[in-house]
Each structure stands twice: as C-alpha cells, then as structure tokens.
Amino acid sequence: MTVSLQAIFPIPKPIIAMVHLRPLPGSPLYSRAERDFAKVLAIAVEEAKILEDAGVDGLQVENIWDYPYQKGDEIGHETTAALAVATAKVREAVSIPVGVNCHLNGAEPALAAAVMGGARWIRVFEYVNAYISQVGYVDSVAARLARYRKALEATDVMFMCDVNVKHGSHFIISDRPVFEQARDAEIQGADALIVTGFETGTPPNAENIAQCKKGVTLPVLLGSGITRENARELLAIADGAIVGSYFKKDNDWKKPVEASRARAFMEAMRAVRG
C-alpha cells in the first residue's frame with residue numbers, strides 16, 4: 001500500500017460525493033453550441049460547492065456523460081486534458097480532497113489528470129483480473145499503472161480499485177470468489193478496494209462486502225447504491241462510501257445535485273460514525 005485512506009481522510013467512514021461532469025469535448029453528447037466547456041466547468045464547480053457545504057468528506061470528478069464509453073488506449077487526449085482542467089477547477093473551489101475516475105477503466109488518463117489537477121486518488125474499475133463490460137472485454141491495468149505512477153512520481157496518488165465492478169459479467173472470465181480477487185488487488189498494489197452492486201444506483205449486499213474484506217488488510221469502500229436508508233447497515237461493515245445518485249434529485253444521477261438530500265444524508269452519517 002502506497003497511500004492510506006487515513007492520510008487523506010482523518011475521519012472514520014468518509015463519504016465521497018460524485019461530481020458528474022456534463023459531456024466533455026470529443027464525446028457524442030457534447031455540443032459546443034449548447035454545452036460549451038466553460039459551462040461544463042461552471043456546473044462542476046457549482047455542484048462541488050453545494051456538496052462541500054452539505055458536509056461531504058471528499059469529491060470524485062468523473063466523465064460519466066461521455067457514453068458510449070471508450071476504454072483504455074482508445075480514450076482520447078482531449079478527454080484527459082478536460083478531466084485535468086475540471087479536476088483543477090474543482091480542487092481550487094473547495095477545501096476537501098478531490099479524486100478522479102475516467103470511464104471506462106481509463107486508469108492512465110485518470111492518473112495523468114490527477115497529477116495535473118492536484119487530485120489525491122483515482123478510481124480504477126479493473127485493476128486486476130478482467131471482465132466483460134458493456135463495451136466489451138476489459139483487462140487489468142495494474143502493471144502499466146504502477147509503472148506510470150512511478151514515472152510521474154505520483155506515489156502520493158491513491159489507487160481505489162474495484163472488485164467485481166458493476167455493469168459487467170465477471171463469471172464468464174473467472175469463477176474465483178470475491179475474496180480471492182480482492183487479495184489479488186492487494187498483492188498487486190491497490191491502496192483501497194471498492195465493492196458495488198450490479199449497476200449504478202444498486203447497492204452491494206452485506207455478504208459481498210464481507211467477502212471483499214475477507215483476507216485483506218485494505219479498507220473497503222461502497223461504490224454504488226448507498227442511501228440514507230441503507231447506510232447504517234452497509235457502513236457497519238465497510239470503511240467508507242462513494243455516493244452519486246442519492247445526492248441527485250429523485251435519486252437519478254442524470255439530474256442536478258440536491259443540497260437537501262446531501263445534507264440529510266450527512267446528518268444521518270453522524271449516527272453511523274458513532
């Protein structure tokens with residue numbers, strides 16, 4: 001482990017909120033006339049401030065609107081550049097830690113954006129092993145990413161790595177249990193693990209969280225479907241959570257951030273943290 005969760009978040013069970021960037025230049029939904037990049041940045045900064053004011057512990061910048069997604073080496077330089085600029089703008093606007101995720105499994109673009117934008121971590125969907133995603137076969141990036149971190153002297157950027165990430169099939173590739181795949185990630189240099197449900201907005205079950213934690217020393221975070229109603233049960237097992245949909249109007253990730261929902265969730269977290 002290169003970076004500890006406690007080094008970034010000196011509180012128990014941190015809650016990381018999502019900054020879902022609107023479509024970025026080069027993606028099919030981007031329109032220079034309707035969604036110019038300056039507007040994308042303005043919305044990102046506005047929502048970041050709302051979430052910080054609501055009491056979240058960190059923010060993760062993500063190009064979720066860039067679907068249909070490219071993967072790995074297919075991701076264009078324009079996406080990396082846009083993520084870096086957006087990350088820097090968000091980081092300058094808030095006082096809480098910021099991370100980056102690049103769809104789909106764009107670990108190296110995310111790391112480059114994190115270094116240039118001053119982020120503290122990246123999320124990696126498939127750090128070890130492989131799975132069949134909605135865009136096809138997605139392979140591990142651990143070897144390349146570890147060397148890229150060394151080349152960029154970015155040992156202070158944390159790797160938060162999914163185990164059996166959402167939106168795909170893992171059993172076609174491997175029938176090994178979750179705890180073995182979690183151990184693979186730890187051995188190969190992950191700094192924290194993430195466990196999800198089968199899709200965005202769907203929570204993992206308690207058994208999968210416990211399986212992910214079995215046999216590893218790394219912190220395990222929840223990566224999807226966390227709500228005010230299930231947070232107490234699931235965070236009794238996990239070490240923190242990444243929350244996106246629940247902080248949006250109508251629990252819909254495509255809608256704007258709703259301050260009252262985020263604030264109510266964070267107020268409930270006080271009880272969860274004891």
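Helices α4 (residues 107-117) and α5 (residues 142-151) of this predicted model cross in a right-handed manner, meaning that the near helix is turned clockwise from the far one by less than a right angle. Their axes, lines fitted to C-alpha atoms over the stretch in contact, come within 10 Å and cross at roughly 20 degrees, on a scale from 0 to 180 degrees between N-to-C directions. The angle makes α4 roughly parallel to α5, a label for angles under 35 degrees. The contact (heavy atoms within 4.5 Å) involves A107, E108, L111 and A112 on the α4 side and R144, L145, Y148 and R149 on the α5 side. By class, 5 of the contact residues are nonpolar, 3 are charged and none is polar; Ala, Leu and Tyr are among those counted as nonpolar, and Glu and Arg among the charged.

Turning to the strands, β9 (residues 192-195) directs A192 and I194 one way and L193 and V195 the other, all of them buried, that is, under 20% relative accessible area with a 1.4 Å probe, protein chains only. Helices (H or I, at least four residues) and strands (E, at least two) are DSSP runs numbered from the N terminus.

Strand β9 runs parallel to β7 (residues 158-162), with 3 bridges joining the two; strands pair if DSSP finds at least two bridges between them. Here M160 stands opposite A192. Strand β10 (residues 220-222) also pairs with β9 in the parallel sense, over 3 bridges, and L221 is the bridge partner of I194.

Residues are numbered from 1 along each chain as its sequence is written, and side-chain values use heavy atoms, without hydrogens and water. Local features need pLDDT of at least 70 and side-chain atom pairs count only at pLDDT 80 or more, whereas totals for chains, interfaces and linings use all residues.

Key. Buried < 20%, exposed > 50% of the residue type's maximum accessible area, 1.4 Å probe, protein only. Parallel < 35°, antiparallel > 145°, perpendicular 65-115°, else oblique.
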